[in-house]
Amino acid sequence: MTTGAQSPYPARPRRSRLRTLLPLGVAAWLVLEIWLLTLVAGATNGLVVFLILLAGIVLGSYVIKRAGRRAFKNLTETVQQRQGGGPLTPGARPDSEGNGLTMLGGLLIVLPGLVSDALGLLLLVPPVQRAVSRYAERTFERKLREAAAQSPLGDAFTRARMRHPDGKVVQGEVIKDEPGSTPEGPRPPLAK
């Protein structure tokens, strides 16, 4: 019998679809990988499967190491330019883009399995990297706009990401002058 009284237990929030489907997807992926490896082992022998897995580990480690070195080299060049007082040239290094996706591709190659190896090798192809990068950037911007619309701060997230029309980030400081207040003196610079 319902009396209309509140339950002492709060209602459980509804699980998101991702939290429900992700474990099922991972389990299906693992079953598929094991099934494909057993098919290859049945068609050839266990030594071939072992060599495929070993080659994946070696190739994936090499890809991750190479992308990490390239990212570290780009970081040190940027720091040296910044310390030397020289201007930063963002378009001078076209190979600096995609290091994260290259590392992700290497990680997928290292994981044992044929499907993950194929996805990892696919991520090493530059046109695929650019397409995935554009998709990820659009998705991130969309999620940022959705978060800004739901946030009590309004569109502060959007304003924080504004860029100058020529592509440069405009550094600035918001100064709110109250009526009747006098400035106390010059403000210190934002960056040295």
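Me: Where is threonine 102 found, and why does threonine 102 count as buried?

Reply: Threonine 102 is in helix 3, residues 99-110; helices are DSSP runs of H or I with at least four residues, strands are runs of E with at least two, and both are numbered from the N terminus. Buried means under 20% relative accessible area, exposed means over 50%, and partly exposed is in between, using a 1.4 Å probe and protein chains only. Threonine 102 has 8% relative accessibility, so it counts as buried. One thing to keep in mind: this is a predicted model, where local features need pLDDT of at least 70, side-chain atom pairs count only at pLDDT 80 or more, and totals for chains, interfaces and linings use all residues. Also, residues are numbered from 1 along each chain as its sequence is written, and side-chain values use heavy atoms, with hydrogens and water left out.

Me: Which residues is threonine 102 in contact with, leaving aside its neighbours within four places in sequence?

Reply: They are Val63, Ala67, Arg70, Leu124 and Gln129, where contact means heavy atoms within 4.5 Å. Leucine 121 is 19 residues away along the chain from threonine 102, and their C-alpha atoms are separated by 9.3 Å.

Me: Why do lysine 73 and glutamate 77 count as partly exposed?

Reply: Lysine 73 has 47% relative accessibility, so it counts as partly exposed. Glutamate 77 gets that label because its value is 27%.

Me: How do you know that glutamate 33 has no salt bridge?

Reply: Look at the side chain of opposite charge nearest to glutamate 33: arginine 66 is 22 Å away. For charge, Lys and Arg count as positive and Asp and Glu as negative, while His and the chain ends are not counted. Glutamate 33 is also buried, and it lies in helix 1, residues 17-43. Leaving aside its neighbours within four places in sequence, glutamate 33 is in contact with Pro112, Gly113, Leu114, Val115 and Ser116.

Me: What makes Leu47, Phe50, Leu51, Leu54 and Val58 a nonpolar patch?

Reply: Patches are made of residues with over 30% relative accessible area and no salt bridge; nonpolar side chains (Val, Leu, Ile, Met, Phe, Trp, Tyr) are joined within 5 Å, and like charges within 9 Å. Take leucine 54, which sits in helix 2, residues 46-84: at 40% relative accessibility, it counts as partly exposed. Together the five have about 490 Å² of accessible area, from the Shrake-Rupley method with a 1.4 Å probe, where for residues only the protein chains shown count as cover.

Me: Why is valine 125 called partly exposed, and where is its place?

Reply: Valine 125 has a relative accessible area of 36%, so it is partly exposed. Its place is in the loop between helix 4 (114-123) and helix 5 (126-150).

Me: How many helices and strands does the protein chain have?

Reply: The protein chain has six helices and zero strands. Buried residues make up 13% of its 192 residues.

Note on methods: A salt bridge is a side-chain nitrogen of Lys or Arg within 4 Å of a carboxyl oxygen of Asp or Glu.
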